[in-house]
Amino acid sequence: MAFTAFWIEKNDKTFTRSIIERDEADLPAGDVMIEVKYSSLNYKDALSATGNPGVTRNFPHTPGIDAAGFVLESSTSDFKPGDEVIVIGFDLGMNTPGGFAERIRVPADWVIRCPEGLNLHSSMLLGTAGFTAAECIDKLTNAGMTPASGPVLVTGATGGVGSVAVKLLAHLGYEVAAVTGKPEQHEFLNSLGAASILSREDAAAGVGKPLLAERWGGVVDTVGGDILFNAVKSLKYGCSLAACGLVAGADFQANVLPFLLRNVNLLGVDSVELPLAEKSRIWTRLAQEWQVDLSELEESLTLDTLSDGIDRILAGQMVGRGVVKL
Ligand SMILES: NC(=O)c1ccc[n+]([C@@H]2O[C@H](COP(=O)([O-])OP(=O)(O)OC[C@H]3O[C@@H](n4cnc5c(N)ncnc54)[C@H](OP(=O)(O)O)[C@@H]3O)[C@@H](O)[C@H]2O)c1
């Protein structure tokens, strides 16, 4: 049966985008075929669509690291036609045809039943970005962060991961300080629950210094680069930073003094290969005690408007979460 898909073709060194008809028979082998109802736009999708070899090597290709929909066919007894399911991460949208299409076929151990409390739409309003924000907060709280630890810094605050982190932390009773490069979005960040706002320049000041004044009870860092290590140097004694992103760069100037003198922790966060049981646990938290109304973050996209969203997320101009309706 035919279905519609977003399609990236490689022509020499350029990558072109179009919308095409594909056939279910073109999909790779897998246990579960899903009728995708919603996907979402993440920074990594834009990297895939523009040929970043660290994300996608094989073209032509359909990106989309997130998908939510109904099971159409399943060769395992874990799922039956009609089940509402979510797939995020693993190889979806990297070198496996992804969620920017009306059909995907994937291994059963990538698939999670949509938890009660979420639905296909709200799960994709979260998507990988929202899931990763929750994973960062989960790691920080497991490392001892509480609202009494002090203000929590969120970098890249208007982006997908950052905006969900601001909203969720404020909902959980934390005082949130947001770093943004978009002065026109200060009011939006305040409405999400940010108590104070720093510019990227503020966050990058003092790069050459070995330590900075103790300020943060925790940090959700979505940007990497020198902003990341400046935040490590500003952690209060014994506190932690969760690092998940690299939009500002993969490298940073660092020294060991914050670890030796302030007992702080730099925690890595990966949502892609996180084992399914852990993914399930965090989805359940998001569906229950961490459930928040994210409607003010939503930008509705379709396959027709996706290309513009890809350009804007690459330029760091996207605000909140792009939800793709198939
Ligand atoms: N580890 C994982 O499993 C995982 C999962 C999801 C995402 N990620 C990574 O997390 C990062 C954020 O993803 P996302 O989907 O939230 O992307 P996004 O929506 O584009 O958000 C990134 C935000 O970072 C800020 N920014 C952009 N360029 C910057 C620069 N040069 N310097 C400083 N800040 C900059 C912008 O916010 P402001 O304008 O407000 O500053 C931008 O909106 C990406 O690197 C992504 O690959 C990793």
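**Core, ligand shell and overall form**

1. In this predicted model, the largest nonpolar core comprises 92 residues, and those with the most contacts inside it are Val-87, Ala-133, Val-154, Ala-165 and Val-166. Helix α2 supplies the largest share of this core, namely ten residues. Domain 1 (2-114 + 294-325) and domain 2 (128-268) both contribute residues, so the core lies between them.

2. Leaving aside residues up to four places away in sequence, Val-154 touches Gly-162, Ala-165, Val-166, Leu-169, Val-176, Ala-178, Val-179 and Val-220.

3. The ligand has 31 residues around it, of which Gly-156, Gly-159, Gly-160, Gly-245 and Gly-316 come nearest. The elements that give two or more residues to this shell are α1 (43-49), α2 (120-142) and α3 (160-171).

4. By residue class, the shell around the ligand consists of 13 nonpolar, 14 polar and four charged residues. Why is the ligand placed between domain 1 and domain 2? Both domains give residues to its shell, and the ligand therefore lies between them.

5. As to overall form, the protein chain contains nine helices and 15 strands. Its C-alpha atoms fill a box of roughly 60 × 45 × 35 Å along the principal axes. A compact globule of 326 residues would have a radius of gyration near 20 Å, and the value for the protein chain, 20 Å, agrees with this.

6. Buried residues account for 46% of the 326 residues in the protein chain. Among contacts with a separation of 6 or more, 69% join residues 24 or more positions apart.

Note on methods
Residues are numbered from 1 along each chain as its sequence is written. This is a predicted model: local features need pLDDT of at least 70, side-chain atom pairs count only at pLDDT 80 or more; totals for chains, interfaces and linings use all residues. A residue is near a molecule or strand if its C-beta atom, placed from the backbone, lies within 6 Å of it. Helices (H or I, at least four residues) and strands (E, at least two) are DSSP runs, numbered from the N terminus. Ala, Val, Leu, Ile, Met, Phe, Trp, Tyr, Cys and Pro count as nonpolar, Asp, Glu, Lys and Arg as charged, and the others, Gly among them, as polar. Domain bounds come from an automatic or database domain assignment. A nonpolar core is a set of buried Ala, Val, Leu, Ile, Met, Phe, Trp, Tyr and Cys residues joined through C-beta atoms within 7 Å. A residue is buried if 20 or more other C-beta atoms lie within 10 Å of its own, exposed if 12 or fewer, and partly exposed in between; C-beta atoms are placed from the backbone. Two residues are in contact if their C-beta atoms, placed from the backbone, lie within 7 Å. The radius of gyration is taken over C-alpha atoms; the globule rule is 2.2 Å times the number of residues to the power 0.38.
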